[in-house]
Amino acid sequence: MKGTCDGFDVQCSRHTLAPLGSSVVLPSYPGEPLSLEDLKVEWRRKETLVHLYQDGESRAQQDYQDRAHFFTDQIQHGDFSLRLDDLRAEDEGEYTCRVYSQQKSVFSAKTNLELRLLGKSKHTNTKSCL
């Protein structure tokens with residue numbers, strides 16, 4: 001699915017199911033590698049900043065410290081996915097990845113994370129866009 005939302009180019013919107021206490025990868029692939037020069041990547045849950053990659057540095061915000069992991073070695077391949085560990089009830093909701101190159105928005109992807117009690121689901125289910 002491709003469209004425009006709030007001025008951003010939205011490539012795909014996904015719905016991801018995961019058990020509480022587990023880990024999940026929130027996918028974000030623009031489809032083509034972007035220049036690393038002046039690159040900024042923001043992951044937000046609603047309006048709350050979860051993780052920021054800017055000026056070659058990757059930083060998780062305090063509530064996500066040691067739980068949010070950005071794959072910095074995959075940026076050069078166009079992968080801006082974020083892994084969340086030790087999922088908590090308050091982690092549920094819509095996450096948006098916004099990618100900026102030379103201070104212009106070039107990509108946005110949304111993932112809705114829904115959590116389940118342990119034992120109800122044994123794996124993460126990501127529905128991909130067609």
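## A buried aspartate

Asp-91 is buried, with a relative accessible area of 1%; buried here means under 20% relative accessible area, exposed means over 50%, and partly exposed lies in between (1.4 Å probe, protein chains only). Before we go further, please note that this is a predicted model, in which local features need pLDDT of at least 70 and side-chain atom pairs count only at pLDDT 80 or more, while totals for chains, interfaces and linings use all residues. Residues are numbered from 1 along each chain as its sequence is written, and side-chain values use heavy atoms, with hydrogens and water left out.

Where does Asp-91 sit? Its place is in the loop between β8 (82-84) and β9; strands are DSSP runs (E, at least two residues), numbered from the N terminus. The Asp-91 side chain reaches the backbone nitrogen of Arg-88 at 2.8 Å. That is a polar contact: a pair of N or O atoms within 3.5 Å, where, within protein, one must be able to donate a hydrogen and the other to accept it, and residues adjacent in sequence count only if both atoms are side-chain atoms. Setting aside neighbours within four places in sequence, Asp-91 is also in contact (heavy atoms within 4.5 Å) with Arg-45, Tyr-64, Arg-67, Asp-86, Leu-113 and Leu-115.

## Salt bridges

How many salt bridges does the structure hold? There are six, each being a side-chain nitrogen of Lys or Arg within 4 Å of a carboxyl oxygen of Asp or Glu. One of them joins Arg-83 to Asp-85, with the closest N and O atoms 2.9 Å apart. Arg-83 is partly exposed at 27%, whereas Asp-85 is buried at 15%.

Another salt bridge connects Lys-110 and Glu-94, whose closest N and O atoms are 3.7 Å apart. This pair links distant parts of the chain, 16 residues apart: Lys-110 belongs to strand β10 (residues 104-116) and Glu-94 to strand β9 (residues 93-101). Lys-110 is buried at 17% relative accessible area, while Glu-94 is partly exposed at 38%.

## The β5-β6 hairpin

Strands β5 (residues 48-54) and β6 (residues 57-60) run antiparallel and are joined by four bridges; two strands pair if DSSP finds at least two bridges between them. They form a hairpin with two residues between them, and Asp-55 in the turn has a positive phi of about 55°.

Leu-52 stands opposite Arg-59 in β6. The side chain of Arg-59 also meets that of Glu-57 in a salt bridge (3.4 Å, N to O). Both partners are partly exposed, Arg-59 at 33% and Glu-57 at 46%.

## The nonpolar core

Which residues have the most contacts inside the largest nonpolar core? They are Val-41, Trp-43, Phe-80 and Leu-84, in a core of 25 residues. Such a core is a set of buried Ala, Val, Leu, Ile, Met, Phe, Trp, Tyr and Cys residues joined through side-chain atoms within 4.5 Å. β3 (24-26), β4 (39-45), β5, β7 (68-70), β8, β9 and β10 each supply at least two residues of this core, and β10 gives the most, with four.

Not counting residues up to four places away in sequence, Val-41 touches His-51, Leu-52, Tyr-53, Phe-70, Phe-80, Cys-97, Arg-98 and Val-99.

## Positive phi in two loops

Lys-46 is not a glycine, yet it has a positive phi of about 55°. Lys-46 lies in the loop between β4 and β5 and is exposed at 57%. Gln-103, also not a glycine, has a positive phi of about 65°. Gln-103 is found in the loop between β9 and β10, exposed at 72%.
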